[in-house]
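What follows is a walk through one structure, beginning with a sheet and ending with a single residue. Please keep the sequence and the 3D view at hand.

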Amino acid sequence: MSANVERAVNAFKEQIDASTAAFFSSCVHCGLCAEACLFYLETGDPKYTPIHKLEPLRRVWWSSYTLFGRLASLIGLAPKVTDDLLKDWKELVYDSCSMCGRCSMVCPVGNDITGMIRKEREGMIAAGHAPDGLKGASSRAIKIGSPMGVTLKAVKAQIGHLEADTGMTIPVNVEGAEYLVLMSSMEIMNYPEYLEAIARIFEAAGASWTIASDAFEATNSGIQIGASDIARELVMRIVAAAERLKVKTVISPECGHAYTALRWEGPNLIGRPFPFKARHILEVLDEFRADGRLQTEGFEEDRLTFHDPCQIVRRGGVIDEPRRLIDMVAKDFVEMDDNGRYNWCCGAGGGVSAIEEAHDLKLTAFLKKKKQLDAVKPEKLMTACANCRIQLEEGMEETGMDIPVIGLTETLAEHLKTPETAKG
Amino acid sequence: MQIDETTPNAARSAASGDDRTLGALLAARGVSRRAFLKYSSYLASLLALPASMAPAMAASLAKAQRQSVIWLSFQECTGCTESLTRSLSPTLDDLIFDFISLDYHHTLQAASGHAAEEARMQAMEAHKGKYIVAVDGSVPVKDGGIYSTIAGMSNLDILEETTKDAFAVVAIGSCAAFGGLPLADPNPTGAVPVTELVTDKPVINIPGCPPIPEAMAAVLAHVLTFGILPELDSLGRPKSFYGESVHDRCYRRPFYDRGEFAESFDDEGAKKGWCLYKLGCKGPATSNACATVKWNGGTSFPIEAGHPCLGCSEPGFWDMGGFYRALSVPTGDVARIAAVAAGAGVVAGAAAGALHRATKSAARGKHHTVTVEELEEK
């Protein structure tokens, strides 16, 4: 066994817990997870069956944690994890899994297949079998502070533009603010309207907020590549800033995996509970709505639909919030066929968008979303994840569709009841 | 058990006075083709036939002439006839009587006395070799069979005379099939089931006290459609109805599996709908379709009403040692054995758990931190 494989097997052993063992032993081989996976559905290739993607992890479970497996490996009969196996599985574990969690949702015995893929990635990266795109992103995240290489300078430049355009002051490093606002690199580089929307909505709501100069980035490449060591360091930066500024709530932006990383994995990674609340921006906006602090006027006239970001909706449980918010500003809202917790992924989550080799595959996977869109024919497509947004725009461009994609937060800001009109 | 290929339709067409086909009869009565097809699907599914057979069955039934049936009642209580005629009213019994030309039946025929016996003789003559004899009730053979006579003839003689030229015999109810109540200890009349007396003709047993009416309708439909008897088990019962035990298909089975039993008819367990095994339920030893087909048009079955299964469709059910006595009680000290087994299980589980924890913590000890430098190298 080479050193790399030894490290992978060791990482698998570390990751396998009681639920993993229960999942593997209760799999009934029904194959329903295949039908739930858009990579299988759109390619028709059975190798993309979700449970099959877990073969290396399953082998380690069987040979190390079951009686028959232990006996079989004593006499050398247990199937082994080899470097070739891991190399072959790289595409299955990374390129063809957006960690969307639909397979976990449909599994009749309740196996969290997606959760196990996340564990399996720990072993893959330990053996060095992770895609270059994700390795690069992780190293930039640690060294520069953002997977896309966005520096504090770029953030400051954006703040400068914003302040000049709107006359508002963007709070940075304000101790004692109620909310700490994070952003994804995509929002800093491609969608500056998000920060402007936050500034306007929070001002109207009378909520105090701040950006932290040492923790503005919400994304977590460590989660995507599957390295807890790296994920922990990135989460810790946010926790340290939140504790230093004594904020009550940290807000994850319109980004899918950032929410998973902060809210669900975060406390487990650092090994203690957060002294603050971790919320998604849609949850906070929905609270504002309920308290009457978010008031809108006018409606979008276009026929609108909402693409559910998997990590926020299915994995995160933020299902009704976006719909209540959309109802405030949309007259003609249509749901796609499978929506909410049974939505179909855009095709590029879980790090897939950062993997160059997966370019063609992710566009094939997008065809599922295209079929859904063709069925309801919206004039505008709304979502709440910058990564979904990029993929949706690219997929539509590639397939000759022309539907503008908009973010939910920025749309709410456009319809914000201004103080003048509120008074009048 | 195969009946001559040429028998069925030709045989039936012969002469039941009314030579219209079943399809024409039903149409005249306002039964739509759709309703008839639906009924055929129901029968096909009861017989565990593939769904594709339903249209074939409907077509075949529609073309068939009505089957001549002579119904003999011996030592019985008329419960079987009641069950049949009061089934899924109006569809099922109506349709059954559309399938058949019931040429002789004590309870249902209008004729009486000599005219009634004349009808039986006429039917036997007209449909020689082609009629079906349905029997309910057991036959007394002690003392020359004097304990039950009809029109001066003993049951034994009537049975012999009538089945001689029959095409098949259907023993309806537990008395005809297995002797039933009359045969119960001490059996004063020397009652025997039909199978013991009719040995040269195929006999289908449809036991039960009374039997499920759908079973009889489906068996008749099968004979009319295919001209052969349905597949039977070792006791001559159609497998499609008697292939599984009441227990295996019982909705209270999960409680049995969890060891949750009602101990009396008014305890908490009974109120919670737990398993009635300890109250004497014979479900585990009874092959019948009560739990799936149910009674009164699918309304419920005895266990659903809170009463244990009596095992009425099994041979000798009267003499199985009391309706409310549990089937069998475990020998030996179950509690102690279970405690020891559970203890052993805990020890083995703890040992396996400790081993796994050791494996996992060893793996943790060998954890090699993933660093950025390393990512850039590989």
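In this predicted model, chain B contains an open sheet of 5 strands in the order E2-E1-E3-E7-E9, with parallel pairing. Its edges are strand E2 (100–104) and strand E9 (203–206) of chain B, each of which pairs on one side only. Direction ignored, neighbouring strands of this sheet are turned against each other by 25° on average. In general, the strands of a sheet pair through backbone hydrogen bonds, and the pairing is either parallel or antiparallel.

One pairing can be followed down to residues. Strand E7 (residues 168–172) of chain B is joined to E9(B) in the parallel sense over 4 bridges. Ile172(B) has Ile206(B) as its bridge partner in E9(B).

Which strands does helix H8 of chain B touch? Helix H8 (residues 155–163) packs on the sheet and touches E1, strand E3 (132–136) and E7 of chain B. The direction of H8 makes about 170° with that of E1(B). Another helix of chain B, H7 (residues 113–126), lies across strand E1 (67–73) and E2, and runs at about 130° to E2(B).

These elements belong to a chain with 18 helices and 9 strands. Chain B has 378 residues, of which 39% count as buried. Among its contacts between residues at least 6 apart in sequence, 73% join residues at least 24 apart.

The nonpolar cores come next. In soluble globular proteins, nonpolar side chains tend to be buried together. The largest nonpolar core here has 130 residues, and the members that touch the most others are Ala8(A), Leu180(A) and Ile201(A). Leaving out residues up to four places away in sequence, Leu180(A) touches Thr210(A), Ala212(A), Ala241(A), Ala242(A), Leu245(A), Val247(A), Val250(A) and Ile251(A). A second, separate core of 75 residues includes Leu84(B), Met124(B), Val198(B) and Leu224(B).

The last stop is Leu37(B), which is found in helix H3 (residues 33–46) of chain B.

Key
Residues numbered from 1 in each chain as written. Chains lettered and ligands numbered in written order. Predicted model: local features only at pLDDT ≥ 70, side-chain atom pairs only at ≥ 80, totals over all residues. Helix = DSSP H or I, 4+ residues; strand = E, 2+ residues; numbered from the N terminus. Buried ≥ 20, exposed ≤ 12 C-beta atoms within 10 Å, placed from the backbone. Contact = placed C-beta atoms within 7 Å. Core = buried A, V, L, I, M, F, W, Y, C linked by C-beta atoms within 7 Å. Pairing = 2+ DSSP bridges. Axes fitted to C-alpha atoms, helices over the stretch in contact; angles between N-to-C directions.
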